[in-house]
Amino acid sequence: MLRHNIACPFCGLCCDDLTIESKPQQLTVVANGCPLSERGFSQTADTGDRDHRPRIQGHACSLHEAVAQAADLLRNAQLPLFGGLGTDVAGARAALRLADRTGAVLDHMNSAIMLRDLLAVQDSGWMTATLGEVRNRVDLLLIFGSDIGKHAPRFHERFFNNAESMFGQDTALRELIMIGSEAGASSAHADAHTTTIPCPTDRLGDIAMTMRALLQGRPLQAEDVAGIRVAQLRKIVTRLADAHYGVIAWVAAELDFPHAELAVQAFSGLVKDLNTTTRCSGLPLGGNNGDTTFSQVATWQAGFPTGISLANGCPHFDPVQYNWKRLLDSDEADLLLWISAFDAQCTPPAGNTPGIVLGRAGMHCETEPEVFIPVATPGLHHAGHVYRCDDVVTIPLRSVCVSELPGVSTVLHAITKSL
Amino acid sequence: MLIKLTAGTVYDPANSIDGEVSDLYISDDRITNNPGADANIDQEYDLRGMVVMAGAIDMHTHIGGGKINVARTLMPEFCRQAPVERSALTRSGCSKATPSTLLTGYRYAEMGYTTAFEPAVLPFNARQAHMEMADTPILDTGGYAMLGNDDFLLRLLADDADQALINDYVAWTLQATQCIGIKVVNPGGINAFKFNARKLDIDEQNPYYNITPRRIVQCLTRALHELGVPHPLPVHASNLGVPGNFKTTLETMKAAGGLPLHLTHIQFHSYGTEGERKFSSAAAEIAEAINANANISTDIGQIMFGQTVTVSGDTMRQHANHGYAHPNKWVCMDIECDAGCGVVPFRYRDKNFVNAMQWAIGLEIFLMVDDPWRVFLTTDHPNGAPFTSYPHLIRLLMDRSFREDLLQQIHPEAAAHSRLSGLTREYSLYEMAIMTRAGPARILGLKDRGHLAKGAFADITVYDDHANRERMFERPTYVFKNGNLVVRNGEICAVTRGATHAVHPEYDRGIEKSLKDYFDRYCSVQMENFAISEDEMIEGIGSPVMTTECLARGIA
């Protein structure tokens, strides 16, 4: 059976125009797919009885028994850690409720990446646009980084190289400038309107700060920064200032160096400066495994996006202290509840901390957890909601095939009831 | 379940009851008549000496949708400063200017509020608004969908489309977003800002569409009137915060052409340019116009001194004011060819001339508008102040000597310029019940809320008749929601879940053909995934829809 207008939860773009062929045990993206959606929809969902049944210490059991065991472990834990958190809105709501009851710490598996953007916002704010706005308005796109296609495969197709835009613009004339280590990457079209400038990723913040200085007319003694001629940067600044609606994009996942939030802050500062005379917006791209979704729900329920401890009875935020890897490495957490409903390959780290795992069916953990509960995937096996990377639009997910597996929220609510 | 509330002093303006001692009866979730001497009363509450009103209704408070979450993200210090512990009944969270959704529900209920409306739902963000409000316990909620900066409507207007088509689009939007009203924010101005315009007065043309704000207000006012949507168009007028903007506000009133129109947070739109500082109160001119035009209603958007954060769809004005950000950080977003979002933290100081004037202007309008049915008690939470300051505001309106005392503390020149010391009016409990219950219910068309006659939902608040009205209104003795006792002695004693108020006016589905074409060509989501169904409201979002009737008037 063919299903149309299906949304894909496997990257931050959350494209909702997919056509999915649904056969028993098999989902195939037949239109508007990309490598991430094809992998996500077809990832082994059902490899037999072993993957379909909950387990306690490796032994198959009923869902009821697994839930009771999980509740027992949570009841006796001193500092439970809820990690992974790859789930939809309903799953995030249920996780926050259970964490409140059990005094847990919550930190999304992508927290280190998420915080590159979030810390910059917390410190200085930003100016951004959503994807629909970019699609219709951008006349100059500057990408700090390189291969956004790897993280958001259909970005160029849907939001930059779209045939038509609302305000009579000839989209073929849109200018693209990429500054980054792999500049010239796969998904962008290479033509006269594209400029690629190599630059080490960890110097991108310096480039943005140099551009801010040039825009503000400050004297600069340097003639090049990170291997780029200042004269060339000056030209780019002029083009941004002359653009009607520039967009400056980046993917936080690419900014893998210490204190990358300072680079994001520099990009955002450049955007704000440009808006003194013209229009320009930032566009933070990327995201997966429900990271934006979790940060949104956690923010409205607990006031903070991730790195939250409820151990003292009320929310406390500390992105360093409550980093999930640190809590496991230091053995401070004595129980790990790991959730990954979108990706069976996002497994909990091997280690000594006893674990409860709610994993997409087919997940194989390196260390067999105390309790393993295979769960349905939102958007494949049940309806739900996920957030797009622009932090605004919530995309409704549909159920495209029948599954007997319970959803994350169902399991977590059952555990909460059993406490 | 039959509950008797015995011998309370009842203020029920919708039924012209002004402080009569009488008994009330609750049968399950509704108010009922005296069931007779033979009836078996399950519970009785002795309310002798206590004040009884319907549950309060906040018709303009930013409690859902992306902008409050953006504010929470921008201002983690709020949550750090005011964490709130979980209890056996309640979830943990945080308080201050942008409380977590759960705390929002608890705090409103603890102040005797049982219903609240989010006035700025971006259609593309309606799911989030409803999800946040679904996570706001106890309260019934609802939203006003923002139109008037969306490119679809502006294209219709630029093409000189028939009013019938505009009406269909407005009705389709209400249905698709599950909202109870339509709001316009800086009509055409948010859109103009995307084309780099920095100001747009009521008769200036949007730089791309050549449409004026006046035209937008006219067509939306008319659409709601003809569709029979009870709530008149709330207008966040052009030029928010600009000295001299009262002229724009008066012109916006005229744009309605005599049809019902509601001006939101009018305090921010009532500024003159008199005096050395070129900033003065135009409250008298505004109040006079409201008194003279029965089609106009307003809410105040009173400011209170202290730290808060301003959130608005009005990116044009928020960006213009970012230099006042305290602390110095702010967010502006352009959203989906739909509208925008601007978040600027703000600290109102009583020793600052402009802030002190703002405080006085809001109170002046409250006291100079004669008809309490057409003025509503709001702080435009959190823009003027958090909603938790309502009891303080009520005391300012009900207690002249208290007001005089505070007037002595503000910037002396502001106090000298203000008419406040000459305004002797003190609001009565009856008027307060109009402004916070009967009035909002009437303007929203909620027939079984905001009053205490047979058949109304049993949303009831009981107060001690404390002489200090701030203390009285901040800690009701009892609050019932749909007949359930949810607050006792100012504290939550049961947690219930509310529902969503919406309207579903009739329209010609033919509009979906042009919308489908628009979505396919320009939008980032499919039209089929844009609309929110009633099933989705229950299942995924978590708040069932209650519809209010629309009596269509047809095209004029």
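In this predicted model, A129 of chain A stands opposite D334 of chain B, a residue of strand β18(B). As a reminder, strands of a sheet pair through backbone hydrogen bonds, in either a parallel or an antiparallel manner.

Turning to the contact as a whole, chain A contributes 53 residues and chain B contributes 51 residues. On the side of chain A that touches chain B, the largest share comes from helix α6 of chain A (residues 131-137), which supplies 6 residues. Sorted by class, that side of chain A holds 24 nonpolar residues, 20 polar residues and 9 charged residues.

Within chain A, there is also a sheet to follow. Three strands form an open sheet in the order β1-β2-β3 of chain A, and their pairing is antiparallel. Strands β1 (2-6) and β3 (26-31) of chain A are the edges, each pairing on one side only. From one strand to the next, the twist averages 30 degrees.

Strand β2 of chain A (residues 18-23) runs antiparallel to β1(A), and 3 bridges join the two. Here I6(A) has L18(A), in β2(A), as its bridge partner.

A helix accompanies this part of chain A as well. Helix α1 of chain A, spanning residues 35-42, lies across β2 and β3 of chain A, and runs at about 155 degrees to β3(A).

Methods:
Residues numbered from 1 in each chain as written. Chains lettered and ligands numbered in written order. Predicted model: local features only at pLDDT ≥ 70, side-chain atom pairs only at ≥ 80, totals over all residues. Pairing = 2+ DSSP bridges. Helix = DSSP H or I, 4+ residues; strand = E, 2+ residues; numbered from the N terminus. Axes fitted to C-alpha atoms, helices over the stretch in contact; angles between N-to-C directions. Contact = placed C-beta atoms within 7 Å. Nonpolar A, V, L, I, M, F, W, Y, C, P; charged D, E, K, R; others polar.
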